[in-house]
Amino acid sequence: MIKSLLSILCAIVLSSCTSTGSKDGVKPPSFTPKYTIKLTDKPIWNSVDDVKKEIKGKGKITGNVVDLQGGCLDGSKLKRSSNSQDESNTPIKLKISNFTLKNGYITNVPGGIIVQTPNVTIENMLFTGVSEDYLSNAKDDSYNFKILNCEFYNNSQGDKSCQVNGAVGLMVKDCYITGGITAIRIGESSSKKRGDAKVENCVVENVPTFLNVDGKSQVFVKNNVLKNVDKKYVIKEGSEVHE
């Protein structure tokens with residue numbers, strides 16, 4: 001009898017520690033892009049000229065600012081694994097410093113956008129479909145990464161909407177995130193730089209975890225609204241979250 005009770009108690013404890021898994025999230029709004037660019041091969045943006053070729057004269061480019069003007073980059077033709085979380089899934093590799101991408105849609109890019117340079121801003125973009133992570137960056141080379149006024153409609157095949165390995169100078173502000181397992185992962189355990197990040201004025205809905213913080217990062221959170229979020233923070237040793 002005692003053994004049976006212990007078994008039941010152990011089962012309860014283990015089940016309470018187990019991840020609730022990914023969530024479908026809120027259904028994305030219907031939208032009609034002004035134009036759609038079907039991405040092919042392995043998109044690598046080393047320069048603004050590369051982006052010009054990619055978007056085929058659409059949108060507006062001023063210096064290092066690419067305004068999609070309501071257009072959509074569609075990655076449905078890019079090579080992908082049967083496992084949506086396979087890190088070999090094809091991304092857009094963004095290698096332009098002091099760069100801004102804004103005012104458009106990203107859908108079904110298997111590996112998402114990987115930022116590999118400093119001072120990059122992603123602004124007023126809506127992300128949908130199946131991606132390994134919608135946005136990610138390099139751990140020690142992509143400081144001052146800004147994600148502003150963006151919407152992320154993740155789903156049950158998704159993991160993280162944003163994987164910010166380089167947390168130094170990170171700002172996530174005025175964003176909406178739903179679905180997947182974790183809204184934002186901040187920091188990477190092997191990073192050589194301690195990150196100071198801010199997450200402000202965001203709405204996070206139907207996600208098991210809001211923030212997963214690692215890499216001895218400090219995250220300052222303010223005015224965020226959480227709806228149907230099971231766990232506010234997962235904080236690894238040496239990291240901090242300040243409310």
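Modeller: Let's start with a rule. A residue is buried under 20% relative accessible area, exposed over 50%, and partly exposed in between (1.4 Å probe, protein chains only). This is a predicted model: local features need pLDDT of at least 70, side-chain atom pairs count only at pLDDT 80 or more, and totals for chains, interfaces and linings use all residues. Residues are numbered from 1 along each chain as its sequence is written, and side-chain values use heavy atoms, with hydrogens and water left out.

Biologist: Why is N212 called buried?
Modeller: Its relative accessibility is 13%. That is under 20%, so N212 counts as buried.

Biologist: What makes the stretch around N212 a strand?
Modeller: N212 lies in strand β17, residues 203-213. A strand is a DSSP run of E with at least two residues; a helix is a run of H or I with at least four, and both are numbered from the N terminus.

Biologist: Which residues does N212 contact?
Modeller: Leave aside its neighbours within four places in sequence. Then N212 is in contact with T182, I184, R185, I186, V234 and K236. Contact means heavy atoms within 4.5 Å.

Biologist: Why does W45 count as buried?
Modeller: W45 has 0% relative accessibility. The limit is under 20%, so W45 is buried. W45 is found in strand β2, residues 44-45.

Biologist: What does W45 touch, not counting residues up to four places away in sequence?
Modeller: Its contacts include D50, V51 and E54. Also among them are L73, I92, K93, L94 and K95. I96, F99 and L101 are on the list too.

Biologist: How far apart are the C-alpha atoms of W45 and N206?
Modeller: They are separated by 33 Å. Along the chain, W45 and N206 are 161 residues apart.

Biologist: What makes D74 and K38 a salt bridge?
Modeller: The rule is a side-chain nitrogen of Lys or Arg within 4 Å of a carboxyl oxygen of Asp or Glu. In the pair D74 and K38, the closest N and O atoms are 3.0 Å apart, so the pair qualifies. D74 lies in strand β4 and K38 in strand β1 (residues 36-38), so the pair ties together parts 36 residues apart in sequence.

Biologist: Is D74 buried or exposed?
Modeller: D74 is buried, at 10% relative accessibility. K38 has a relative accessible area of 38%, so K38 is partly exposed.

Biologist: How do you know that E240 and R194 meet in a salt bridge?
Modeller: Their N to O distance is 3.6 Å. E240 lies in strand β20 (residues 240-242), and R194 in the loop between β15 (182-186) and β16 (196-200), so the pair ties together parts 46 residues apart in sequence. E240, at 31%, is partly exposed. R194, at 37%, is partly exposed as well.

Biologist: Where do K52 and D49 lie?
Modeller: Both lie in helix α2, residues 48-55. They are three residues apart, about one turn of the helix. K52 forms a salt bridge with D49, and the closest N and O atoms are 4.0 Å apart.

Biologist: How many salt bridges does a search of the whole structure find?
Modeller: It finds eight. Elsewhere, D133, D159 and K160 are linked in a network of salt bridges.

Biologist: Why is K79 called exposed?
Modeller: K79 has 69% relative accessibility. That is over 50%, so K79 counts as exposed. The place of K79 is in the loop between β4 (65-74) and β5 (92-94).

Biologist: Which residues gather with K79 in a patch of positive charge on the surface?
Modeller: K42, K93 and K95 gather there with K79. Patch residues have over 30% relative accessible area and no salt bridge; like charges are joined within 9 Å, and nonpolar side chains (Val, Leu, Ile, Met, Phe, Trp, Tyr) within 5 Å.

Biologist: What is the phi of Q69?
Modeller: Its phi is positive, about 50 degrees, although Q69 is not a glycine. Q69 lies in strand β4. At 35%, Q69 is partly exposed.

Biologist: And what is the phi of N108?
Modeller: It is positive, about 55 degrees, and N108 is not a glycine either. N108 lies in the loop between β6 (99-107) and β7 (113-115). Its 25% falls between the two limits, so N108 is partly exposed.

Key: Areas by Shrake-Rupley, 256 points an atom, 1.4 Å probe, with all protein chains shown as cover. Lys, Arg positive; Asp, Glu negative; His and termini not counted. Charge placed at Lys NZ, Arg CZ, Asp CG, Glu CD.
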